[in-house]
Amino acid sequence: MPQPPTIAAVLAGGRGSRMGAAVPKQLLEVAGKPILQHTLEAFEAAAAVDRIVLVMAEGFHDTAWAIAKAANVTKLSAVIDGGATRADSSVAAIRWAQAQPGVGEDAKLLLHDAARMLVTGRIITDVVAALDECEAVTAAIPSSDTVVEVREGRIANVPDRASLARVQTPQGFRLGLIAAAHADAAADPGFTPTDDCSVVLRCRPGVPVRTVAGSARNLKVTEPADLALAEALLHG
Ligand SMILES: Nc1ccn([C@@H]2O[C@H](COP(=O)(O)OP(=O)(O)OP(=O)(O)O)[C@@H](O)[C@H]2O)c(=O)n1
Ligand SMILES: C[C@](O)(CO)[C@H](O)COP(=O)(O)O
C-alpha cells in the first residue's frame, strides 16, 4: 500500500508587529541567514516530509522563492498568500493541500510557525509518526513556571501545574479532519483560535489530540530579544 503524502505547511503570513521591524520578522537574519531559511531547511532535511508549502505575506513571495532557491530547498512546491489571521493562513494551506492531485483526506498535514526556526528533525519525525496512531497531534513541553489565571489584576486561579503544557508547532493532522474542523470554525465568529489543535478540540470534540515532546529550544521568535536568544541557542 502506498503511504499517504506528508505535507509541511510553513506559516509565514504574519507581519511580526511585536517585533517592530521594517520587514516581516521571518525575513530577519539570525546567524547570517533569514529566519525563514532556517525553518525551511529543517523541513527540507526531514525525511518524513515529502513536500513543503509556504504561506507568505503578500509582496514577499519573490523574496521567499529566492531564499529557498539559494538554500536548495527542493521540496518547496508552492508559495501562497496568507490571510488576515494565523487561522486564515492555516486554511489557505489546507485548501492548497486539498487541491493537489493524489492528495486525499488521509494525507498528513503539518502546520508550523515559520517563527519556530529551531525546530528539530526529532520533533518533526515524532509528529509525523504519531499520525499513524491518531488524527491530531502537537509538540508540547511541560510548564516549568507556575501558570495563573489573572482577572482584573488579581490571581483568580492557580491550575495544577502538572496538568499544564506549553503547546508548540509543528502540529500535525490528517487532512480531512483539519479541513472539516476549520470549516466549522469559520462559521463560529466568536471563536478566535491561536493554534490549530484548538480548532479540532472545539469543532471535533470527540477526536483526541495527542502530544509529543517538543523542546525548550523550539522557541517562537516573537520579540526583539528572541533574536539574540535564537542565535545563542544555535551556537550553543
Ligand atoms: N496572518 C498570519 C499571522 C501569523 N502567521 C504566522 O504564524 C506564525 C505565528 O504567528 P506570530 O508569531 O504571532 O507572528 P506574527 O503574526 O507575524 O506576529 P505579531 O502577532 O507580533 O504580529 C508566524 O510564523 C507567522 O508568520 C501567518 O502565517 N499568518
Ligand atoms: C501556534 C502557537 O505557536 C502555539 O503556541 C501559538 O499559539 C502562535 O501564537 P501567535 O500569537 O500567533 O504567535
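The largest share of the shell around ligand 2 comes from strand β10, which gives three residues; helices (H or I, at least four residues) and strands (E, at least two) are DSSP runs, numbered from the N terminus. Ligand 2 is surrounded by R86, D113, V167, Q168, T169, T194, D195 and K220, a residue being near a molecule or strand if its C-beta atom, placed from the backbone, lies within 6 Å of it. One residue of this shell is nonpolar, three are polar and four are charged. In this division Ala, Val, Leu, Ile, Met, Phe, Trp, Tyr, Cys and Pro count as nonpolar, Asp, Glu, Lys and Arg as charged, and the others, Gly among them, as polar.

The model is predicted: local features need pLDDT of at least 70 and side-chain atom pairs count only at pLDDT 80 or more, while totals for chains, interfaces and linings use all residues. Residues are numbered from 1 along each chain as its sequence is written, and chains are lettered from A and ligands numbered from 1 in the order in which they are written.

Around ligand 1 there are 23 residues, of which G13, G14, S17, R18 and S89 come nearest. Two or more residues of this shell are given by each of β1 and α3, and the largest share, three residues, belongs to α3. The shell around ligand 1 holds six nonpolar, ten polar and seven charged residues.

An open sheet of mixed pairing is formed by seven strands in the order β5-β4-β1-β6-β10-β7-β11; two strands pair if DSSP finds at least two bridges between them. Strands β5 (76–81) and β11 (210–213) are at the edges, each pairing on one side only. From one strand to the next the twist averages 25°. Four bridges join β7 (residues 136–142) to β11 in the parallel sense, and V137 has R210 in β11 as its bridge partner.

Helix α3 (residues 86–98) lies across β1 (6–12), β4 (51–56), β5 and β6 (108–113), at about 140° to β4. Axes are lines fitted to C-alpha atoms, for helices over the stretch in contact, and angles run from 0 to 180 degrees between N-to-C directions. Helix α5 (residues 175–186) lies across β6, β7 and β10 (165–174), at about 110° to β10.

Residue A181 is located in helix α5. A181 is buried because 25 other C-beta atoms lie within 10 Å, the cut-offs being 20 or more for buried and 12 or fewer for exposed, with partly exposed in between and C-beta atoms placed from the backbone. Beyond its neighbours within four places in sequence, A181 is in contact (C-beta atoms, placed from the backbone, within 7 Å) with V199, V200, C203 and R204. The C-alpha atoms of A181 and S198, 17 residues apart in sequence, are 9.7 Å apart in space.

Conventions: Contact = placed C-beta atoms within 7 Å.
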